Amino acid sequence: MKKTPLYDEHLSLGGKIVEFAGWQMPVQYSGVVAEHVAVRERVGLFDVSHMGEIWVTGPNAEKALEFMTCNNVTSLYDGKAHYSAILNERGGVVDDIIVYRCSKERFLICVNASNADKDFEWLTKHNPTDATIVNASSEYGQIAVQGPKALELVTPLVTGADLSTLKYFHFVECEILGSPVIVARTGYTGEDGVEIFVQADKTADLWRLLLEHGATLGVLPCGLGARDSLRLEAALPLHGHELAEDISALESGLGWIVKFDKGNFIGKEALLKQKEAGLSKRLVGFHLDEAGIARQGDLVTTLDGAQIGVVASGTKTPTVNKALGMAFVETPHSALDTKLTLVVRGRAIAGHVVQLPFYKRSK
Amino acid sequence: MEFPNECKYTKDHEWVRMDGDKVIVGITEFAQSELGDLVFVDLPQVGKSVATHGTLCVVESTKAASDVYSPVAGTVAERNDALVDDPGIINRTPYTDGWIVKLSGVSEAELAGLMSAEEYKKLLAGG
């Protein structure tokens with residue numbers, strides 16, 4: 001099993017290690033609830049070095065990405081990133097990604113750990129141009145600094161850039177501790193914050209620096225447990241739950257990044273047809289109205305017991321403090337406030353459809 | 001980690017303790033630490049009969065649901081309703097305020113067959 005450059009740091013911090021996507025990762029240190037709250041109220045650090053980094057470069061890099069990803073790559077400019085997806089011919093989601101434009105001929109893609117090798121093979125196979133595609137995942141560590149105090153923590157540590165003027169989904173190539181880093185104002189928690197790409201062999205130094213300087217701000221190292229509860233409150237999809245190759249991007253709620261008005265791209269035709277015909281199911285948010293927690297795979301039925309869907313993710317989260325989740329349900333049952341039944345271990349629990357996200361930070 | 005001597009233990013990481021003619025059941029310090037912060041406890045109804053190793057209740061963290069098995073056969077005489085609003089009591093004080101149920105009608109022979117604190121510690125150490 002693979003270890004990130006921070007594995008020894010996790011052990012020395014008392015992190016509880018679990019297997020995730022072939023990696024040995026910390027699921028928690030001090031506790032999921034304390035870590036979740038630290039990110040909502042102060043600042044938390046996440047080791048996201050398991051995420052994959054793929055470079056697409058050359059004069060035809062933009063053209064290649066325009067065809068192999070669904071968002072409009074030509075709308076990017078140097079220092080701008082966007083959320084996007086690699087789709088298959090049926091419009092299913094091979095992976096959800098962030099595309100960073102460093103220059104017109106140099107793009108970085110950040111992909112999910114569990115899909116990194118698959119994505120690299122996919123991109124190499126479907127590349128319609130001579131653009132160069134390199135899987136650089138092992139060269140990078142990545143640390144997410146998330147929470148209302150994230151910028152206060154990171155800004156003074158950076159040389160060669162002023163993070164205080166860095167806008168959301170923008171990034172800058174600069175230095176920390178004399179080493180080159182890419183700092184992006186992005187995240188997966190619903191809070192303000194940055195994600196820092198750093199050379200693999202400098203990742204532990206950066207991690208320790210952030211912990212040391214963050215002590216007065218109340219920083220906590222955070223594991224995969226808090227990462228999942230934070231992203232779920234913010235209704236950010238997770239591949240393997242809300243996103244999958246056999247679920248269309250439109251059904252998963254990714255319509256906002258599927259740009260039909262650009263040129264041809266993989267999945268366009270299938271999704272256009274689906275859009276015209278209407279979606280048979282949709283991803284909705286739900287709250288439970290009775291005690292219990294619905295989890296991935298639990299069935300959703302009408303009050304009469306007719307099966308209308310399945311839960312994609314569910315838990316009881318610390319900040320919202322309710323049993324909640326996201327589920328795919330047939331379109332006629334997807335309107336807000338529709339009463340549903342969630343079948344949890346054979347028991348029917350009442351719930352209803354709610355607006356997503358469950359949590360939105362005050363700006 | 002703490003393993004009170006007055007408790008008896010199971011290999012599934014539950015503890016039991018006598019309380020008059022009833023038997024108190026909870027999960028061990030090790031179990032709560034493995035499960036992580038609990039956010040929901042699905043308690044059984046008072047009056048429910050449980051078999052040895054039968055599912056007594058379900059405890060859930062943000063990540064997963066786990067069954068708690070009954071260490072002994074008996075009938076649920078009381079349940080700790082404080083856990084409904086604050087399941088974290090189990091994480092903070094697993095052997096005292098974090099008790100889950102009290103069982104009645106438990107056989108003394110069955111209790112005698114459970115592990116002592118020393119034996120349980122050995123099990124955790126891999127011995």
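# Questions on a predicted model

Biologist: Which residues have the most contacts inside the largest nonpolar core?

Modeller: Val56(A), Val99(A), Ile109(A), Ile143(A), Val145(A), Ile196(A) and Ala327(A) do, in a core of 130 residues. This is a predicted model, where local features need pLDDT of at least 70 and side-chain atom pairs count only at pLDDT 80 or more, while totals for chains, interfaces and linings use all residues. Residues are numbered from 1 along each chain as its sequence is written, and chains are lettered from A and ligands numbered from 1 in the order in which they are written.

Biologist: What makes a set of residues a nonpolar core?

Modeller: The members are buried Ala, Val, Leu, Ile, Met, Phe, Trp, Tyr and Cys residues joined through C-beta atoms within 7 Å. Buried means 20 or more other C-beta atoms within 10 Å of a residue's own, exposed means 12 or fewer, and partly exposed is in between, with C-beta atoms placed from the backbone.

Biologist: Which residues does Val56(A) touch?

Modeller: Leaving out residues up to four places away in sequence, Val56(A) touches Ala61(A), Ala64(A), Leu65(A), Phe107(A), Ile109(A), Ala131(A) and Ile133(A). A contact means that the two C-beta atoms, placed from the backbone, lie within 7 Å.

Biologist: How many residues does each domain of chain A give to the contact between them?

Modeller: Domain 1 of chain A gives 9 residues and domain 2 of chain A gives 10. On the domain 1 side, α2 (32-41) and α7 (224-233) of chain A each give two or more, and α2(A) has the largest share, 4 residues. Helices here are DSSP runs of H or I with at least four residues, strands are runs of E with at least two, and both are numbered from the N terminus. The C-alpha centres of the two domains of chain A lie 31 Å apart.

Biologist: And where chain A meets chain B, which element of chain A gives the most?

Modeller: α7(A) does, with 3 residues. In total, 13 residues of chain A are in contact with 10 residues of chain B. The chain A side divides into 3 nonpolar, 7 polar and 3 charged residues. In that count Ala, Val, Leu, Ile, Met, Phe, Trp, Tyr, Cys and Pro are nonpolar, Asp, Glu, Lys and Arg are charged, and the others, Gly among them, are polar.

Biologist: Why is Thr317(A) called buried?

Modeller: Thr317(A) has 26 other C-beta atoms within 10 Å, so it is buried. Its place is in the loop between β18 and β19 (323-330) of chain A. Leaving aside neighbours within four places in sequence, Thr317(A) is in contact with Ser229(A), Leu232(A), Glu233(A), Leu324(A) and Thr62(B). Thr317(A) and Ser229(A) are 88 residues apart in sequence, yet 5.8 Å apart from C-alpha to C-alpha.

Biologist: Why is Leu238(A) called partly exposed?

Modeller: Leu238(A) has 19 other C-beta atoms within 10 Å, so it falls in the partly exposed class. Leu238(A) lies in the loop between α7 and α8 (268-277) of chain A and touches Arg231(A) and Ser313(A), not counting residues up to four places away in sequence.

Biologist: What makes Asp337(A) exposed?

Modeller: Asp337(A) has 8 other C-beta atoms within 10 Å, so it counts as exposed. Phi of Asp337(A) is near 75°, a positive value in a residue other than glycine. Asp337(A) lies in the loop between β19 and β20 (339-344) of chain A.

Biologist: How do you know that the buried residues of α6(A) line one face of the helix?

Modeller: Seen down the axis of α6(A), they fall within an arc of 100°, so they line one face; the arc is that of the directions from the helix axis to the C-beta atoms. The buried residues in α6(A) are Thr203(A), Leu206(A), Trp207(A), Leu210(A) and Gly214(A).

Biologist: How far does helix α6 of chain A reach from its first C-alpha to its last?

Modeller: The helix (residues 203-214) has 12 residues and reaches 16 Å, close to the 16 Å expected at 1.5 Å a residue. The expected span is 1.5 Å times one less than the number of residues.

Key. Domains from an automatic or database assignment.
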